[in-house]
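Visitor: Hi, could you walk me through this structure? I am new to it, so please take it one topic at a time.

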Amino acid sequence: HVVVLMQDVTVLMQDAARKKTMLDTLNLLEEAIIDVSPEGLLVETTAVWSKLRGIDPRDLAHELGRPLLTWIYPEDAGMVAGVLAQAVKLAEPANLRFRLMREDGEFVWVEARLITHLAVDQSIAGLRGVLRDVTVAHLNEQHITQLALYDGLTNLPNRLLLDDELHRAIDQARSQNRKVGLGFIDLDHFKQINDAFGHKTGDELLVNLARRLQAALPEEGVLARWGGDEFIALIPDLGDANQLKVIAEQLRSAARQSIHINGMETQPTISVGFAIYPDNAESGEEL
């Protein structure tokens, strides 16, 4: 005799088919779906991960079981590690943007949205995340920021960014009982240079002068272009007002060095004057 045990597995087969369909659907997306263990190990991922990493899809299995931080750009690793730990600890969703290293040594900007993945007993089994390549969008945002906050000729901060930096410096100085120096710098006889040699030569002179003035400032100093041939030097966290005399002389000396433009040698001079918070004014506008 033969004893046969028969079991209806229709529901199991349907569930398996649905899961396969769901996985196939996820693989059609432009985003990579990843599972990360509480320890930060890459447990599972969809095929798009290989596209982000620039690897052969057949090598995907070799990536599993390794720390996610293995492929994070070194300067972003600390931030990503902190967000992962916080998400596991608080069981709250997290959004972050970081650079993911590719196999060829380059990187892509990735935006990640993470949620906690719960086990049957409601303990945190890990994190599930959606990663998408936002390199183009990130570069566009940087370009827009550059246009909005920086001077197009010298790449120095413009008035808008200077205003933010000045208010921040004053707020910090007020709380720490320190001073802030604000210097107005004017290039002498610039109109005559433009009239004699043309605007292109004048622009090259401004670019060279901006580079020299910036190098002459203290490390924490900020040089901005106010407009035309006028620059602003912001010295935050100023301890001694006499320090400004030294900085002013350094700026004048840097400007006087010979500059060669289109085969011509010139020794530009500047006029510079400083005002001090809170000695001369209490606000950025008054300063």
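Guide: Let us begin with one alanine: A148 has a relative accessibility of 39%, so A148 counts as partly exposed. Please keep in mind throughout that this is a predicted model.

Visitor: Where is the place of A148?

Guide: A148 is found in helix α4, which covers residues 135–149.

Visitor: And which residues is A148 in contact with, leaving aside its neighbours within four places in sequence?

Guide: With those neighbours left aside, A148 is in contact with N158 and L160. As for F231, which is 83 residues from A148 along the chain, the C-alpha atoms of the two are separated by 18 Å.

Visitor: What about A173, is that one buried or exposed?

Guide: A173 counts as buried, because its relative accessibility is 4% and the cut-off for buried is under 20%. A173 lies in helix α5, and apart from neighbours within four places in sequence, A173 is in contact with R178, K179, V180 and Y277. The C-alpha atoms of A173 and P236 are separated by 7.7 Å, although these two residues are 63 residues apart along the chain.

Visitor: You mentioned Y277. Which residue does a cis peptide bond join to Y277?

Guide: That residue is P278, and omega of the cis bond between Y277 and P278 is about 0°. P278 has its place in the segment after β11, the strand that covers 270–277.

Visitor: Ok, so what is phi of A91 near?

Guide: Phi of A91 is near 55°, a positive value in a residue that is not glycine. A91 sits in the loop between α3 and β3, and with a relative accessible area of 36%, A91 is partly exposed. N177 also has a positive phi, of about 55°, although N177 is not a glycine.

Visitor: Where does N177 lie, and is N177 buried or exposed?

Guide: N177 lies in the loop between α5 (159–176) and β6 (179–187), and at 73% relative accessibility N177 counts as exposed.

Visitor: Switching to aromatics: how many aromatic pairs does the count come to?

Guide: The count comes to 3 aromatic pairs. In one of them, W49 and W71 have ring centres 5.4 Å apart and ring planes at 75°, so this pair is edge-to-face. W49 belongs to helix α2 (residues 48–53) while W71 is in the loop between α2 and α3 (74–90), so the pair ties together parts that are 22 residues apart in sequence.

Visitor: Are those two tryptophans buried or exposed?

Guide: W49 counts as buried, with a relative accessibility of 0%, and W71 counts as buried too, at 3%.

Visitor: Which residues do ring pairs link into a cluster?

Guide: Ring pairs link Y73, F107 and W109 into a cluster. Elsewhere, R159 lies over the face of W226, at 4.0 Å from the ring centre.

Visitor: Now helices. At roughly what angle do the axes of α6 and α7 cross?

Guide: The axes of helix α6 (residues 190–197) and helix α7 (residues 199–216) cross at roughly 135° and come within 7 Å, and that angle makes α6 oblique to α7. From α6 the contact is made by F190, I193, N194 and F197, and from α7 by H199, T201, G202, L205 and L206.

Visitor: How does that contact split by class?

Guide: The contact of α6 with α7 has 5 nonpolar and 4 polar residues, and no charged residues.

How values were computed. Residues are numbered from 1 along each chain as its sequence is written. This is a predicted model: local features need pLDDT of at least 70, side-chain atom pairs count only at pLDDT 80 or more; totals for chains, interfaces and linings use all residues. Side-chain values use heavy atoms; hydrogens and water are left out. Rings of Phe, Tyr and Trp (its six-membered ring) pair if their centres lie within 6.5 Å; planes under 30 degrees apart count as stacked, over 60 as edge-to-face and the rest as tilted. Helices (H or I, at least four residues) and strands (E, at least two) are DSSP runs, numbered from the N terminus. Buried means under 20% relative accessible area, exposed over 50%, partly exposed in between (1.4 Å probe, protein chains only). A charge sits over a ring if NZ of Lys or CZ of Arg is within 6 Å of the ring centre and within 35 degrees of the ring normal. Axes are lines fitted to C-alpha atoms, for helices over the stretch in contact, and angles run from 0 to 180 degrees between N-to-C directions. Angles under 35 degrees count as roughly parallel, over 145 as roughly antiparallel, 65 to 115 as roughly perpendicular and the rest as oblique. Contact means heavy atoms within 4.5 Å. Ala, Val, Leu, Ile, Met, Phe, Trp, Tyr, Cys and Pro count as nonpolar, Asp, Glu, Lys and Arg as charged, and the others, Gly among them, as polar.
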